[in-house]
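Colleague: I'm new to reading protein models and could use a guided tour. Can we go through it feature by feature?

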Amino acid sequence: MSAAPTDAADVVVLGSGAAGLTAALAAASRGASVIVVEKTARLGGTSAISGGTTWIPANHHAAAAGTADSPEEALVYLRAGGGGTERAELLEPFVATGAAMLRFLETASPLRFVLGPQSDYHPELPGGRLAGRSLVPAPFDPSVLGSWSARVRASDLPLDLAEQYGSLSPVPAPSASEGPRWIGGRALVGGLLQACLARGVRLRVECRARRFAVGKGGRILGVDCEEAAGPVRLE
């Protein structure tokens with residue numbers, strides 16, 4: 001017997017990391033109703049405990065800094081072994097749309113990015129760059145999230161990876177009068193989460209997706225999930 005529907009939306013996103021929240025924001029910004037499903041009690045996944053670096057070739061921040069780049073050169077670099085060769089069919093759409101995605105995030109959310117200090121992993125390869133493609137989020141004020149701020153995952157390692165990365169970042173540390181600020185991955189997730197909440201995206205934590213509900217012709221009808229209270233279907 002299938003689980004009875006308890007919630008419905010145009011789009012159901014599985015996972016609340018940076019990729020999932022970006023997908024949710026993109027759908028909501030186009031008028032879709034969206035539910036984000038997170039299996040744990042905390043939002044952000046490994047994105048929230050990462051350094052938050054975003055690798056985007058030919059971006060507008062690099063152009064403003066006078067760093068020459070192009071999607072074509074980035075594609076040469078990736079195909080030469082700079083990364084992503086296991087999914088070669090995704091390389092061309094990535095370099096073609098990455099810069100537009102970055103502009104979308106800075107338009108549709110409070111996120112602001114700055115050029116990071118890192119080079120490409122292999123700048124010696126054809127198309128490689130010593131600077132201009134790695135970006136980090138500017139510090140984020142978590143107070144705007146209200147009670148949701150306590151739900152965003154933080155690293156439990158002795159040395160917080162986001163703070164370790166932030167020590168290398170060109171972003172200045174906030175002053176004491178500004179209150180606490182998140183940096184790195186928590187800043188990335190925090191900005192995305194604020195934008196999603198502002199657009200009415202609904203969040204279901206401690207809700208584990210188990211299987212897709214599939215109809216005729218393989219059409220996905222919904223997602224069967226498990227919560228503490230029992231099975232639920234989102235469709």
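Modeller: Let's begin with contacts, meaning heavy atoms within 4.5 Å. Among contacts in the protein chain between residues at least 6 apart in sequence, 68% join residues at least 24 apart. Keep in mind that this is a predicted model, where local features need pLDDT of at least 70 and side-chain atom pairs count only at pLDDT 80 or more, while totals for chains, interfaces and linings use all residues. Residues are numbered from 1 along each chain as its sequence is written, and side-chain values use heavy atoms, with hydrogens and water left out.

Colleague: What does the protein chain average in pLDDT?

Modeller: pLDDT is the predictor's confidence in each residue, from 0 to 100. Here the average is 89, and 87% of the residues score at least 70. Over residues 159–170 the pLDDT is below 50, and that stretch has 25 contacts in the model beyond near neighbours in sequence.

Colleague: How many helices and strands does the protein chain have?

Modeller: Both are DSSP runs numbered from the N terminus: helices are H or I with at least four residues, strands are E with at least two. This chain comes to seven helices and 10 strands.

Colleague: And how many of its residues count as buried?

Modeller: Buried means under 20% relative accessible area, exposed means over 50%, and partly exposed is in between (1.4 Å probe, protein chains only). Of the 235 residues, 40% count as buried.

Colleague: Let's pick a helix. How far does α5 reach from its first C-alpha to its last?

Modeller: The expected span of a helix is 1.5 Å times one less than its number of residues. α5 covers residues 91–108, so 18 residues, and reaches 25 Å, close to the 26 Å expected. There's also a bend of about 45° at T97, taken as the angle between axes fitted to the seven residues ending there and the seven starting there.

Colleague: Which residues of α5 are buried, and what do they pack against?

Modeller: An α-helix has 3.6 residues a turn, so residues three or four places apart point the same way. In α5, the buried ones are L91, V95, G98, L102, L105, E106 and A108. Their packing partners include α1 (18–29), α4 (71–82) and α7 (184–198).

Colleague: Which side chain makes a polar contact with the side chain of D120?

Modeller: A polar contact is a pair of N or O atoms within 3.5 Å; within protein, one must be able to donate a hydrogen and the other to accept it, and residues adjacent in sequence count only if both atoms are side-chain atoms. For D120 the partner is W55, at 2.9 Å. A polar atom of the D120 side chain also lies 2.9 Å from the backbone nitrogen of R129. Leaving aside neighbours within four places in sequence, D120 touches several residues, among them Y77, G127 and R133.
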